[in-house]
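Here are some notes for you to read with the coordinates open. Please check each point against the structure as you go.

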Amino acid sequence: MLATLATVDVKSYLPLGILIGMAVTFAVANVVMSKMIGPSRDGPSKGIAYESGMNPVGTARKRFNVRFYLIAMVFLLFDIEVIFLYPWATTFPNLEAGTSEGLVWLGRILFFLLTTIVAYLYGFRKGVFRFD
Amino acid sequence: MIERIGYLWPEIVLFIGACLTMVIGLSPNADMRKQTGLIAGVSLLIAAALGLATPAAPTWAILPGIMPFAKPLIALVGLLLLLVNIGSVDRDEEAAIAAGKPFNPLRVTGAEFYAFFLFSLMGAMLCATAGDLIWLFLALELTSLPTYVMVVLSGRGKKGFDRSQEAGVKYFFLGALGAGIFLYGFALLYGGTGTTQFVEIAQHFAAHGMNPIATVGLVLALVGVSFKIAAVPMHFYTADVYQGSSGGVAAFLAFVPKTAGMISILLLVSTVGWAAGQGSLPPAIESLLWALAVLTMTVGNVLALLQSSLKRMLAYSSIAHSGYMLVGVIAGPGDGSFVSSGIAAVLFYLLCYGVMSTGVFAVLASLERKSGGEAVEVESLDDIKGLCRSHPWLGWSMVICMLSLLGFPPILGFFGKVPLFTSALGAGHVVLVVILALNSAIAAFYYLRVVAGVMIDPESDSGVRDTGVPARVIAAVISGVLVLGLSVFGNVFMGSGEKAAEVRRFVGQSDEHDTDSVPLDEHSEAAEDEHHAVSH
Amino acid sequence: MLGMSDMMHMASATLAQAGYPEAMSTPALAHYLFLSAVLFVIGIVGFVTRRNLIIMFLCTELMFQAAGLALIAFSRFHLHHTGQTFVIFVLTIAAAEAALALALVVLLFRKKDSLSGEEWREMQG
């Protein structure tokens, strides 16, 4: 494998170099231009931490409620589910029309979605969606 | 692909059972919550019956007969394990709720425990159904991911929970390492052969021989899967994890991941060696398995000698038993008869090991002692001294199962070990057989120490008593009775083990046949027969 | 406005004119395998040497992704989709493991206020 690497045509990496160059230029240009063009004011309100327009209160190392963690888990469930829907959706139109193939495929994806509903039901009973 | 559902009914039943327990176990009604164990038991019974009826010899399976043997085995030992585990989670929480504490779904874990219990067994069954690498990877992960949670949930009391969490973290992280290794192996195996189907991989090897990428892949896959069976380079977690989890969950860990891992190793190894028409495995794979087997047996037995905690001792003994089973894998299928087939020996040994180790752990799970105001599980041999006098049922079950683990002649473990010896001898591995015999002799020391302690020594005064969960005692007694019963009627299962160990051979395949895409999922038997020369 | 893919395409076309045939085409299989092997080894070495649970988890994740990269490279090499299908399942399992790992790390942090695996030394042989 090392022998193969030694014979690599370095020039074929030129596009990668161009891409990296563009990324670096863009980042540097932004910083430099905002320094040059932008008005420079200073004050106490500019020095405080940015928190989406809210007043930052208390320490950032505050302990979050476990519910946020549970929400993240539910998000993960749907997030991963979508990965499987895409290949299914791209294959479905290519199935032969007029055969039972389409029904079988529909059945499969419905079963897959059903398993997610079970997980959702479980989360519901566990109280993941109760915000009080 | 849709035809494959016919082989999956046991798994489907377990899946439905798991979904039901997951939802019903969170019911605010205490009586509903109590039904989860029952649901799990019923679904396991149905799965066992359906598993027995699984049709054999599908064209896509590399070990066509393994399903009708492995599925009922997993379901029935699963039932035994369920008895040991009933009432092990939520015991204090349920008592508090009965005494008037409000029900909080976040505090109750019975639903998850039983659902994960069933999912893990389902994963082990899916390993037996696996026809390709993707399926096997998912099945192995489905077996092990739930067990990590079960370990964490199994602790009782503050100290117990601390320990079970530590055990769970160690188990999870090393498990993830093992998974990463065998996944990389699978990727290379796919790259080296261009397919993920076991049958096609075997055809590829038969036609073109091994290539370096596939060999490295197979080695990594075997090393990674050896985590599941706790073989030596990946055994570090075993003692801590068994010690930290409750007796019931430790019994589960000793059987279910081991069965899944052993079946996976058989499937992976089947794609090379005898399937390619050679008598033995390729040298690289054979020397790897040889080293694994010898190290696993020896390290397991020697370290078991040094343990004072019973559970740690059993953990190392379970490592040693994995080593014994690897001997059968090295021996290969022989001429297909039970005495010469190492695969049949491995499958039968899994049955024996499942029953006897569950029995021993069930006895441990049935006993507790007071320590600092908390009821904790028995720990050392001193705690169970004189058990035959204080708790005769438990004591004698312990004696029977321990003697069986040792391989004492007229008891089950002996009949499990003999085929391992004969198959390895038949394949010409004399040194391996000698090491196996020496290891059995080392093992006698620590097993007999426990047997003598339980039978002869005077009762201990450490206040050991029953945990008050009758299911565990019942499980222990059933295991003891099963060990004795199988010692007499085991030949029935030897026959089915022999059938399960049937292998495919792909001899005399021309290259053009190999490059054909074989329609594996359509039942074109006539076309298949041209491609596969099935042995027997 | 030019999208990124347009720019890549232009770059590729320019390079092709400049005498670099298929300059934007994929590097050889060996490159991918080498990268995936490097990732895998980094994963193992990191797992063995580090004691921070999150780093250890990231290392196992690195091993998974190394396998995923190898699978996709092989899939392209063999010109069929099996390897890519495999990767989707690998991602699923990786997500499930992430959920579990984070739960365990949160448990440790709440109990010991630390992320080091060394904090768990309850049991000794």
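1. Some ground rules. This is a predicted model, where local features need pLDDT of at least 70, side-chain atom pairs count only at pLDDT 80 or more, and totals for chains, interfaces and linings use all residues. Residues are numbered from 1 along each chain as its sequence is written, with chains lettered from A and ligands numbered from 1 in the order in which they are written.

2. Start with helix 13 (residues 310-331) and helix 14 (residues 342-366) of chain B, which pack at an angle of about 170° with axes 9 Å apart. Helices here are DSSP runs of H or I with at least four residues, strands are runs of E with at least two, and both are numbered from the N terminus. Axes are lines fitted to C-alpha atoms, for helices over the stretch in contact, and angles run from 0 to 180 degrees between N-to-C directions. Helix 13 and helix 14 of chain B are therefore roughly antiparallel (angles over 145 degrees; under 35 is roughly parallel, 65 to 115 roughly perpendicular, the rest oblique).

3. Who makes that contact? On the helix 13 side of chain B, look for residues including Leu314(B), His321(B), Tyr324(B) and Val329(B); on the helix 14 side, Tyr349(B), Tyr353(B) and Phe361(B) are among them. Contact means C-beta atoms, placed from the backbone, within 7 Å. By class, the contact of helix 13 with helix 14 of chain B has 15 nonpolar, five polar and one charged residues. Ala, Val, Leu, Ile, Met, Phe, Trp, Tyr, Cys and Pro count as nonpolar, Asp, Glu, Lys and Arg as charged, and the others, Gly among them, as polar.

4. Helix 14 of chain B also packs on helix 16 (residues 392-406) of chain B, at about 145° and with axes 8 Å apart. The crossing of helix 14 and helix 16 of chain B is left-handed, that is, the near helix is turned anticlockwise from the far one by less than a right angle (clockwise would be right-handed). Residues including Val360(B) and Val363(B) of helix 14 meet Met398(B) and Cys401(B), among others, of helix 16.

5. Helix 13 of chain B has another partner in helix 17 (residues 412-426) of chain B: the axes come within 9 Å and cross at roughly 35°. This crossing of helix 13 and helix 17 of chain B is left-handed.

6. In chain B, three strands form an open antiparallel sheet in the order 2-1-3. Strands pair if DSSP finds at least two bridges between them. The edges are strand 2 (374-377) and strand 3 (465-466) of chain B. Leu367(B) has Asp466(B) as its bridge partner in strand 3 of chain B.

7. Is Ile265(B) buried or exposed? Ile265(B), in helix 11 (residues 247-270) of chain B, is buried, with 24 other C-beta atoms within 10 Å (20 or more is buried, 12 or fewer exposed, in between partly exposed). Ile265(B) touches Leu222(B), Val225(B) and Val329(B), leaving out residues up to four places away in sequence.

8. Finally, the contact between chains C and B takes 31 residues from each chain. Helix 4 (82-112) of chain C gives the most to the chain C side, with 14 residues. That side divides into 22 nonpolar, seven polar and two charged.

Technical notes
Contact = placed C-beta atoms within 7 Å.
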